[in-house]
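Work through the exercises below with the sequence and the model open. Each task is followed by a stepwise solution.

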Amino acid sequence: MARIAVVGAGIAGLVVAKELYQKKHDITIFDKGKSVGGRISNRRVTINQEEYIFEHGLSLLNRDFAHYELIKQYIDQNQLKTFEGKSVKITDDCFIPQNGEFLCSTSRITDLPKSFMDQHFHFNSQICIHQIQFKEDKWLLSSLAEMQTERDRHLVEDLTFGPFDILILAIPPKQLAPLVFDQHPEYAKLALSAKANSMWVNLCVFDESLQLPFDHYTFPKNSPFRALIKENAKPNRNYTKEAWTIQMGFQWSAQNLEKSNEEILPLILDELSAFCSAQGGQMQKTLFSEAHRWRYAHFEPNDSYPTYIFDPKDNMGICGDFLTGSHIIDVIFGSIMLSQEIGRNG
Ligand SMILES: Cc1cc2nc3c(=O)[nH]c(=O)nc-3n(C[C@H](O)[C@H](O)[C@H](O)COP(=O)(O)OP(=O)(O)OC[C@H]3O[C@@H](n4cnc5c(N)ncnc54)[C@H](O)[C@@H]3O)c2cc1C
């Protein structure tokens with residue numbers, strides 16, 4: 001049994017953790033966030049004593065994935081089902097109906113990453129690993145953590161973890177590059193060359209219905225929007241008011257990336273207002289409107305990249321969507337392949 005450290009509890013890290021745990025290894029996971037899931041995340045908002053849930057990262061899965069055994073199992077267990085809202089794909093010159101083409105979570109999208117967690121993992125949340133060292137054939141990790149003292153003050157304390165036999169880094173490239181630079185400058189260089197798309201996402205609850213004919217829109221690349229998703233159209237979301245997740249387009253987001261939240265909100269709502277008018281809908285007053293900037297939302301697939309990295313000289317593995325491209329099923333397969341490679345190396 002090897003002691004394995006997995007840094008990053010997004011879907012990539014969790015899949016590799018689960019696979020290696022099934023091979024009887026001892027798994028310790030670190031994440032700088034409070035819980036697991038990374039870019040698969042929910043946001044809960046209470047308005048007039050009613051709770052609304054937004055899926056402000058990955059929201060709907062393409063139904064093409066449904067034939068994969070792994071995804072099929074979630075459908076069989078009723079964790080994922082066909083999105084029954086009205087979907088449409090807008091291209092430069094037409095509207096293509098997409099009804100039945102997407103899967104959504106029956107409860108929360110975070111159930112998907114959570115299903116890879118095992119009670120036997122040692123999970124360290126809110127621990128940001130900022131240094132890794134390979135000493136005497138073992139890995140040592142260091143972090144900075146916020147600590148609460150008896151006097152209610154927050155202190156930053158250095159913590160060290162290890163030794164570990166194997167280290168898996170399942171974190172986005174911007175965070176990966178400084179960690180691996182001393183040990184593997186070639187991987188740092190690769191990570192920094194990954195092409196990231198940023199995305200502004202706005203979560204809105206409206207006082208009245210927008211009266212849009214569809215519940216889910218996807219847009220061409222040159223549009224200000226990437227997708228509009230009516231949260232009420234997902235199962236078990238019988239909200240009193242209309243809640244929309246507005247994913248802005250990659251180009252639009254890149255052009256407006258450095259705007260503050262106060263600056264970006266009116267711009268997004270202006271775009272939405274123009275879209276509503278063009279579609280015969282009606283823009284409404286917001287009861288809630290919050291923007292979230294994902295600097296590294298989505299990675300373009302790059303055929304010259306490996307699907308995963310494993311270096312048997314120091315037992316370090318790397319996985320995640322900057323290697324596979326941001327299609328969840330590819331991310332999962334990249335992690336499974338990494339765990340198989342580790343299995344082959346004992
Ligand atoms: C708005 C949005 C929409 C999307 N839409 C789609 C879609 O329609 N279809 C699709 O397939 N994919 C979509 N994606 C992409 C998909 O969510 C990602 O490809 C996938 O979740 C990436 O998983 P990951 O584990 O590689 O990375 P992440 O989910 O980013 O996980 C990395 C984890 O590492 C942690 N971490 C980082 N640095 C450290 C450190 N130093 N120490 C400790 N922990 C650290 C982070 O907190 C995070 O939890 C979307 C993403 C976003 C943001």
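Predicted model: local features only at pLDDT ≥ 70, side-chain atom pairs only at ≥ 80, totals over all residues.

**Exercise 1. Locate Asn-78 and decide whether it is buried or exposed.**

Solution. 
- Step 1. Asn-78 sits in the loop that runs between α2 (69-76) and β6 (80-82).
- Step 2. Its phi is near 60°, a positive value, and the residue is not a glycine. Most residues other than glycine have a negative phi.

**Exercise 2. Repeat the analysis for Asn-236: in which loop does it lie, and is it buried or exposed?**

Solution. 
- Step 1. The loop between β17 (225-230) and β18 (242-248) contains Asn-236.
- Step 2. Asn-236 is not a glycine, yet phi is positive, about 60°.
- Step 3. Asn-236 has 9 C-beta neighbours inside 10 Å, so it counts as exposed.

**Exercise 3. Characterise the packing of helix α1 against helix α9.**

Solution. 
- Step 1. Two packed helices are described by the angle between their axes and the distance between the axes.
- Step 2. Here the axes of α1 (residues 11-22) and α9 (residues 328-344) come within 8 Å. They cross at roughly 35°.
- Step 3. Assign the hand: the crossing of α1 and α9 is right-handed.
- Step 4. List the contacts. From α1, the residues include Ile-11, Val-15 and Leu-20. From α9, they include Ile-328, Ile-332 and Leu-338.
- Step 5. Sort the contact of α1 with α9 by class: eleven nonpolar, three polar and one charged residues.

**Exercise 4. Describe the shell around the ligand, and say why the ligand lies between two domains.**

Solution. 
- Step 1. The shell has 34 residues. Gly-8, Gly-10, Ala-12, Gly-38 and Gly-320 come nearest to the ligand.
- Step 2. The elements that give two or more residues are α1, β11 (128-135), β15 (196-206), β19 (286-299) and α9.
- Step 3. By class, the shell holds 18 nonpolar, twelve polar and four charged residues.
- Step 4. Domain 1 (3-38 + 116-194 + 302-344) gives residues to the shell, and domain 2 (60-108 + 196-299) does too, so the ligand lies between them.

Conventions. Residues numbered from 1 in each chain as written. Helix = DSSP H or I, 4+ residues; strand = E, 2+ residues; numbered from the N terminus. Buried ≥ 20, exposed ≤ 12 C-beta atoms within 10 Å, placed from the backbone. Axes fitted to C-alpha atoms, helices over the stretch in contact; angles between N-to-C directions. Left-handed = near helix turned anticlockwise from the far one by under 90°. Contact = placed C-beta atoms within 7 Å. Nonpolar A, V, L, I, M, F, W, Y, C, P; charged D, E, K, R; others polar. Near = placed C-beta within 6 Å. Domains from an automatic or database assignment.
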